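Subject: A structure for you to look at

Hi there,

Here is the structure I promised to pass on. Please open it beside this email, and I will walk you through what turned up.

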Amino acid sequence: MCTALVSAAVVTLGAPLVPQVQETFGVGTEASQWSYTITLLVGATLTPLLGRLADGRRRRPAMLVVCALVTLGCAVSAFGTRFGIFLAGRALQGIAVALVAMTIACARDLVTGTATVRLVALLSITTALGAGAAYPVTTFTADHFGLRAAYAGAAVLALLVTLAVAAGLPATVPVDRGSQLDVRGAVVLIAATASALLAISQGNSWGWTSASVLVLGALALVLLLLWIRLELRVAHPLVELRLFTRRNVLAAHLTGLLMGVSLYNTPVLITRIGLAPTSTQFGVGLTLSAIGVVMIPIAICNYLSSRTATTVARLWGRRVALASGGVVGALGPLVLIKVDGHLSLLVASVVLTSSGAGATFGILPGLVVDSVEPGETGSATSVNILLRAVGGAVGSAVTAALIGAAAGPAGEATMTGLTWAALACAATCAASVVVSCCVPSRRVRSDQRLAAVEPVPLPGTD
């Protein structure tokens, strides 16, 4: 559990610090956003490979290597003097995305009975729990001691997790469980995703109809089709695409992809609006430390809304629970359009966004876990987490493009660009409501395993 929380904190570390990265390194809006995009990109492309490792006998060494690389990445970002070196560190930190899927695979083997799905549901929302807990500390450290101090602190925390994994992770994977890796599929997927994100993020700079952007877009499409063909032919695919034919799995993955856009990117918009001076007519004029305090409700609302969603699912079915999460999540970025310097509306956006995400991601694990065998849990859940990160990475690139397209004379963000970015986040949440219609509408009885997705209560909450 601690491993998943820390990994989430490291991955989301860049969200509130994007404006400070821009100021520290003297780069533009789109370039600074890459300090966040590249982390999600690496996480999205490597999570399926590492999730597959978590299902096999190499789980323990794989988790140790991942933790060590994340620690190295934090250290590189802390001490790198150039923006390129800083980005390299952020890229290594993206591997932490896979730790959530790997932890879920461990939970499936170590916990039995109805507690399995409950624990998996709790682990599924650790991205938000970790972010909510880390934001206040991160922003305070960066505000008073500088950007590098925030990443140095993350390096120490990641090192402690590495030591904890080395000391406490048992080798409990059944010896007859296979763990062959589809390295070729991983390489093709990485190339396809990188090509698509590079085209999106550089569209404003190069021109949307320029040869470079068009070639990258075409290359991404060709590579994606090639990857799908490879995955359908290999004996041990990186991603078992045939699982997508199962309605629950397909709905869970599409919902994760769409909600990931808002989950990862609305906090960036909140930070930009909160830090903007009141003279802009839309900014709240907060300090970075104050932004961290504003973000505190993320962890609380995610946890409470996930518990509420399981009750809704039990009474009226998962379709209603998922649709409710999408509706509430869409309201979060929409509120940002009307902030106009009001702190209360900024906080309302945080509450609505995190509540929508918590309700959605508290339900998704049960849809996936119920549809796969124990030996496929790490791989299947890693796909869901992969798609959240893909949604976040694509959303981050689109957000940077929209804000950059309407930037002011000095390259600063304007309300026009922020409004378009907020509408994009809200639109994907609304699309997830449509996808929720794919989920069976029948009620879930309290004695069914499907109803067991209620998260394990944290100490002191009952």
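Let's begin with confidence. Among the elements of the chain, helix α19 (residues 415–435) has the highest mean pLDDT, 93, while helix α7 (residues 115–124) has the lowest, 58. Do keep in mind that this is a predicted model. Over the chain, the mean pLDDT is 80, and 80% of the residues reach 70 or more. One stretch to handle with care is residues 443–462, where pLDDT stays under 50. The model has 51 contacts beyond four places in sequence for that stretch. Where pLDDT is low, the predicted coordinates should not be read in detail.

Next, have a look at helix α2 (residues 18–25), which is mostly covered, with six of its eight residues buried. Those buried residues are V18, P19, Q20, V21, Q22 and F25. After α2 comes G26, and its phi is positive, near 65 degrees.

Now for a pair of helices. How do α3 and α10 pack? Helix α3 (residues 29–54) and helix α10 (residues 183–201) meet at an angle of about 160 degrees, and their axes lie 10 Å apart. Roughly antiparallel means an angle over 145 degrees, so α3 and α10 are roughly antiparallel to each other. The crossing of α3 past α10 is right-handed. On the α3 side, the contact is made by E30, W34, T37, L41, T45, L46, P48 and L49, and on the α10 side by A186, L189, I190, T193, A194, L197, L198 and S201. The residues of this contact comprise 11 nonpolar, four polar and one charged.

Happy exploring!

Notes: Residues numbered from 1 in each chain as written. Predicted model: local features only at pLDDT ≥ 70, side-chain atom pairs only at ≥ 80, totals over all residues. Heavy atoms only, no water. Axes fitted to C-alpha atoms, helices over the stretch in contact; angles between N-to-C directions. Helix = DSSP H or I, 4+ residues; strand = E, 2+ residues; numbered from the N terminus. Parallel < 35°, antiparallel > 145°, perpendicular 65-115°, else oblique. Left-handed = near helix turned anticlockwise from the far one by under 90°. Contact = heavy atoms within 4.5 Å. Nonpolar A, V, L, I, M, F, W, Y, C, P; charged D, E, K, R; others polar. pLDDT = per-residue confidence, 0-100. Buried < 20%, exposed > 50% of the residue type's maximum accessible area, 1.4 Å probe, protein only.
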